[in-house]
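Hi,

Here is the structure I promised to pass on. Have a look at it first, and then read my notes below.

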Protein chains: 2
Amino acid sequence: MFDPGDLAEPIIQAPLAGGPSTPALASAVCEAGGLGFLAAGYKTADGVQEEIEALRGSTSRPFGVNLFVPPKSGVDSSAVHAYRERIATEAERQGADLGEPRSDDDDWERKLELLQQESPAVGSFTFGLPEASVIDALRANAVAVWITVTNADEAVRAREAGADALVVQGVEAGGHRGGFSDDPEESGWGLLALLRVVARRVSLPMIAAGGIADGQAVAAVLCAGASAAQVGTALMLAPEAGTAKAHRELLSKAGPTRLTRAFTGRTARGIVNRFLLEHNEGAPAAYPEIHHITSPLRAAARRRGDPEAINLWAGQAHELAQKLPAGEIVRRLGAEARAALADVDQRLG
Amino acid sequence: MFDPGDLAEPIIQAPLAGGPSTPALASAVCEAGGLGFLAAGYKTADGVQEEIEALRGSTSRPFGVNLFVPPKSGVDSSAVHAYRERIATEAERQGADLGEPRSDDDDWERKLELLQQESPAVGSFTFGLPEASVIDALRANAVAVWITVTNADEAVRAREAGADALVVQGVEAGGHRGGFSDDPEESGWGLLALLRVVARRVSLPMIAAGGIADGQAVAAVLCAGASAAQVGTALMLAPEAGTAKAHRELLSKAGPTRLTRAFTGRTARGIVNRFLLEHNEGAPAAYPEIHHITSPLRAAARRRGDPEAINLWAGQAHELAQKLPAGEIVRRLGAEARAALADVDQRLG
């Protein structure tokens, strides 16, 4: 089974669903000695299969595929419709229609079949814990199962279900909170404290995620017990990433981020912009309904280059992201981590 | 001027105002090779002077004294009175009167004079930035001035005002958020990301604070560029600490913490209990008025041993706190940090 401790560089690409993820990005990370990832989320199973084939055409190294676990509970449809009316003027402003508030399971069953068929080194899961039978079947097929957790109770449940490793996501992380529930109070752990508390309770390999954008932070999470660091925002300015132009322009500048449900109905961290400020309070916990409602509006804003209505996902340390080829970023993170360790070795004598 | 990088152990005691701070705790930390601290907050200047004398009677090593910077803006007194009425039944339940919602400056001028007179190695500041003239005068008297910051803008302002070092406090920290404003959005940074962003913008020594409770976390913040780790909760079970009995009992158990203004009118992290849950939503931003209102109620709950109405300040990693003498905790944190570094050295080759 794939062990993150065996990577030449202790760097794992975050899946980056919703645009930035590309086979070229995953391939560059793999070839530099890290672990590249494909994001199955929001795509059709056929689309994901094509990406896996493209990736395998450009690297023979191990890689991972990330899936969204479907939501279990229903939503308050009157709150969803009220929110749809609330943002109607924004859609007009962007010259876009609003989407319908449908629920779906992101093609879950077909994507699971695809994982079984393609057998990538790692299958990682966001937004919940798959059934133990799903985990067992993947593991029987040599797919290492990684579960995203945002608190120690989730870590214990993931171990009990048979996970091979934990993606331990701190509150610093950009994009969606990836844990089992959408209660921000349960997922408000800073990465460092969370790694230590999880390490005391669960002896599984940990992959640290959240606000890691340079090698000093990579060295830090390794000291805190992680087998590797997962970086997302730090790779989003790479030419291989599919990051939208207006998004790129804001990523490398200093600017506050905030957790919000305004864009998708599920808590996620993005750079503060007008849409986030105007609709943060009113947005209900209703994923993927709100995602589907705002999707055409956000796509239009991306086409128009209007950053004020795009979901500008970014981790707290986004101003440290560098515009470099992805492979160079991976190697630089590793080199900075080694240098930071050497400095501290000297300090502690 | 005192340099945190020169400590034999890279451990600095958090000031721990409001009970846990004692001269015996500070002395034990100093004697073990760390930097002990006295908390001037909530005390009279005379009381602080007595503590400094007691500490100097038991150690000749350097130590620090922490002051609260007085609030600058007024409060909404109708909201304060409404909150006072809201918690009246809780006071009854505890058999206590409620305090009057007075404002005060925590004896600021006399405590500054005391710092000048006693000239401890470090004067650290919480809740804001003293005037540059205050900083200059202390520095002229060989008192190193450390400023608590919770975001990078505050760090830049502290450097511009002449600070010697920054106490960089992540959202993981127990007790009050120590930055310049009480907007939780501005101070919601996870420690690791905050250290890296501050390090890129300001070249002052950083003391990392927030959720650090074992040596692996100490090694982590050193890799992230800190000169030392400030630990608070990790020392609160030491026999030398003045931590209340009911508080001790909950600290070492797993249990969620939350940020709240319910106890003091200023955002602070504590273990979730009934008072926090019942009054979190209603509490206005009004420090120290709310502090004075709830103070007798909390004291009564402490006497009665009722944890449900005490401000159970605790960092996110509180379940890692150990019941050991403070000096042993300091040495253990150092030893664990060295071991963690050696492990990662081996991993990275």
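Which strands of chain A does helix α2 (residues 45-58) lie across, and at about what angle does α2 run to β2(A)? In this predicted model, α2 of chain A lies across β2 and β3, and its direction is at about 160 degrees to that of β2(A).

Those strands belong to an open sheet in chain A, made of eight strands in the order β1-β9-β8-β6-β5-β4-β3-β2, with parallel pairing. At the edges sit β1 (11-13) and β2 (36-39) of chain A, each of which pairs on one side only. Neighbouring strands of this sheet are turned against each other by 30 degrees on average, if direction is ignored. If you want to check the pairing by eye, go to β2(A) and β3 (residues 63-68) of chain A: four bridges link them in the parallel sense, and F37(A) stands opposite G64(A) in β3(A). As a reminder, strands of a sheet pair through backbone hydrogen bonds, either parallel or antiparallel.

Now for chain A as a whole. It has 13 helices and eleven strands. Its C-alpha trace spans about 60 × 45 × 40 Å along the principal axes. A compact globule of 349 residues would have a radius of gyration near 20 Å, and chain A, with 19 Å, agrees with that. Of its 349 residues, 58% count as buried. Among the contacts in chain A between residues at least 6 apart in sequence, 69% join residues at least 24 apart.

Over to chain B. It too has an open sheet of eight strands, with the order β1-β9-β8-β6-β5-β4-β3-β2 and parallel pairing. The edge strands here are β1 (11-13) and β2 (36-39) of chain B, each pairing on one side only. From one strand to the next, the twist averages 25 degrees. Strand β3 (residues 63-68) of chain B runs parallel to β4(B), joined to it by five bridges, and V65(B) stands opposite G123(B) in β4(B). Helix α2 (residues 45-58) of chain B packs on the sheet and touches β2 and β3 of chain B, at about 160 degrees to β2(B). Another helix on the sheet is α8(B), which touches β6 (165-169) and β8 (206-209) of chain B and makes about 165 degrees with β8(B).

I also looked at helix α6 (residues 132-140) of chain B. Its buried residues are V134(B), I135(B) and L138(B). Seen down the axis of α6(B), they fall within an arc of 100 degrees, so they line one face of the helix. What covers the buried residues of α6(B) includes α5 (108-118), β4 (122-126) and β5 (144-149) of chain B. The face turned away from the buried side carries the exposed residues A132(B), S133(B) and A140(B). Just after α6(B), A142(B) has a positive phi of about 70 degrees.

Lastly, how the chains go together.

Cheers

Technical notes. Residues numbered from 1 in each chain as written. Chains lettered and ligands numbered in written order. Predicted model: local features only at pLDDT ≥ 70, side-chain atom pairs only at ≥ 80, totals over all residues. Pairing = 2+ DSSP bridges. Helix = DSSP H or I, 4+ residues; strand = E, 2+ residues; numbered from the N terminus. Axes fitted to C-alpha atoms, helices over the stretch in contact; angles between N-to-C directions. Contact = placed C-beta atoms within 7 Å. Buried ≥ 20, exposed ≤ 12 C-beta atoms within 10 Å, placed from the backbone. Arc of directions from axis to C-beta. Rg over C-alpha atoms; globule rule 2.2 N^0.38 Å.
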